Amino acid sequence: METMMQFRGKKITVGITGGIAAYKAADLVSWLYQQGAEVQVIMTKGAQEFISPLLLHSLSGQVVITDMFANDDKLHIPHIYGVDGADLLVIAPATANIMAKAAHGIADDVLSAAILAATCPILFVPAMNFHMYENIATQENMEVLRRRGYHVLEAEEGRMACGTVGKGRFPEAAVLRGAVCQMFFSQQDLAGKKILITAGPTRENIDPVRYLSNYSSGKMGYALAAAAKNRGADVTLVTGPVNLLPPQGVTMVPVVTAVEMYEAALSRYAEMDIVVKAAAVADYRVEAVATQKIKKQGETKDSIQLNLVTNPDILRALGEAKGQQYLVGFAAETENLLDNAKKKLLDKKADMIIANDVSQPEAGFNVDTNAVTLITKDDMLTLPSMDKKALAEKIWDNVIIEIQKKSK
Ligand code: CTP
């Protein structure tokens, strides 16, 4: 059932490529706009052979991006601007060519470059001749895209413009609308669950103007919170200081230090069904925080000492106090990833550890992607590098499977 203006406040970018079904993208754009979305259309040269940018401009209320090198101030760098802040990128129709380019990271026009620059979930809607669709090259490219966490719709069967009958048709409007809705309002498979997530760094004060901290951006924990909320959970997010917008409908508990995070997590623990410790907690704090700014010690003394004491290990404390809760921790490692992570799983009595090698450029702190291995007592699943929002969904998929296994 469609509710009016269900995409209010969402930015959706629609990429249109050169297939006969390009005209059907007009219906999608018009519907998204009517549902309250801010719609940015990007068209390839091929798409413009089939349908006019002016039409899409009128339907979306925004100038259509058609050229990587457009000299228009308003569009800044078109391929970046086109997906900047987007909640979803839909490629409809997606030709075999655009999927091949996306699978191989080729960025030779404005849309393929935008796909590479996008950090939001991406939905490909393939439509092409039956033989092109069935071709092993196309099938393998779609498989690569799916493994990376992109969503690729199955084409429909039926009669095509070229006269053949087979698989490759653009989906019916209702099917496509349903697929887009699912990207935002997925199945409610966490309904009724109370979930606590910790995110971001902690900050340990040195004096009134200085602190010790780490590079955690909070993006993974925030993505987990938003995804769990979308899947129907009652979510509490205990967050260190980060520069992110609170996910809608989530109970926010801001904290600064590890001790504050410990208290916030432990005091709410009893009522929780699932706890995910995505925060990068400082292992040490300054023993005696100076009440006044520490002054420079003159020219003669070229070093000073800060005495650090151990912070409470929050995950370990939760592991010790565990009742019916399902407890998930992270392990940030720079060497011996799997061994160290498995050790953390057992030592801290967690049910799952999400191991990431933070020495890799596409994993860990302060980036939009992550590559992790999910480790449980008797299983291990390595996921490919993907956007943190897509990864959040995969993590929940697996947590749900594990909880179901446990309750059998
Ligand atoms: N953690 C915690 N409290 C701490 C330190 C870590 O709750 N004081 C949690 C983190 O939130 C994460 C897990 O423990 O879920 C592992 O954190 P990580 O920094 O990888 O490991 P540490 O236990 O700190 O061990 P080390 O720094 O020696 O790798």
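These legends describe close-up views of one predicted model. Residues are numbered from 1 along each chain as its sequence is written, and side-chain values use heavy atoms, with hydrogens and water left out. Because the model is predicted, local features need pLDDT of at least 70 and side-chain atom pairs count only at pLDDT 80 or more, while totals for chains, interfaces and linings use all residues.

View 1. An oxygen atom of the ligand lies 2.4 Å from an N or O atom in the side chain of Lys348. Backbone atoms also take part: a polar backbone atom of Ala279 is 2.8 Å from a ligand oxygen, and a polar backbone atom of Leu315 is 2.8 Å from a ligand oxygen. Taken alone, the ligand exposes 560 Å², of which the protein buries 77% (accessible areas come from the Shrake-Rupley method with a 1.4 Å probe, and for residues only the protein chains shown count as cover).

View 2. The ligand takes up the space of the second largest pocket. A pocket is found on a 1 Å grid over the protein atoms alone, as an open set of points with protein on both sides within 12 Å along at least five of seven lines; a cavity is a set of points where a 1.4 Å probe fits but cannot get out, and lining residues have an atom within 4 Å of a point. A molecule sits in a cavity or pocket if more than half of its atoms lie within 2 Å of its grid points. Helices (H or I, at least four residues) and strands (E, at least two) are DSSP runs, numbered from the N terminus.

View 3. Asp207 lies in strand S9, residues 204–207. Asp207 counts as buried because its relative accessibility is 2% (buried means under 20% relative accessible area, exposed over 50%, and partly exposed in between, with a 1.4 Å probe and protein chains only). The side chain of Asp207 makes a polar contact with the side chain of Arg210 at 2.5 Å. It also reaches the backbone nitrogen of Ile294, at 2.9 Å. A polar contact is a pair of N or O atoms within 3.5 Å; within protein, one must be able to donate a hydrogen and the other to accept it, and residues adjacent in sequence count only if both atoms are side-chain atoms.

View 4. The peptide bond from Ala92 to Pro93 is cis, with omega near -5°. Pro93 belongs to strand S3, residues 88–94.

**View 5. Two loop residues with positive phi.** Asn336 is not a glycine, yet its phi is positive, at about 45°. This residue sits in the loop between S16 and helix H13 (337–347). With a relative accessible area of 53%, Asn336 is exposed. Lys349, also a residue other than glycine, has a positive phi near 55°. Its place is the loop between H13 and strand S17 (352–357). Lys349 counts as partly exposed because its relative accessibility is 41%.

**View 6. Leu111 and His79.** Leu111 is found in helix H6, residues 110–117. Its relative accessible area is 0%, so Leu111 is buried. The C-alpha atoms of Leu111 and His79 are 6.7 Å apart in space, while the two residues are 32 residues apart in sequence.

**View 7. Ala174 in helix H9.** Helix H9 covers residues 173–184 and includes Ala174. At 61% relative accessibility, Ala174 counts as exposed. Ala174 and Ile98 are separated by 76 residues in sequence and by 24 Å in space, C-alpha to C-alpha.
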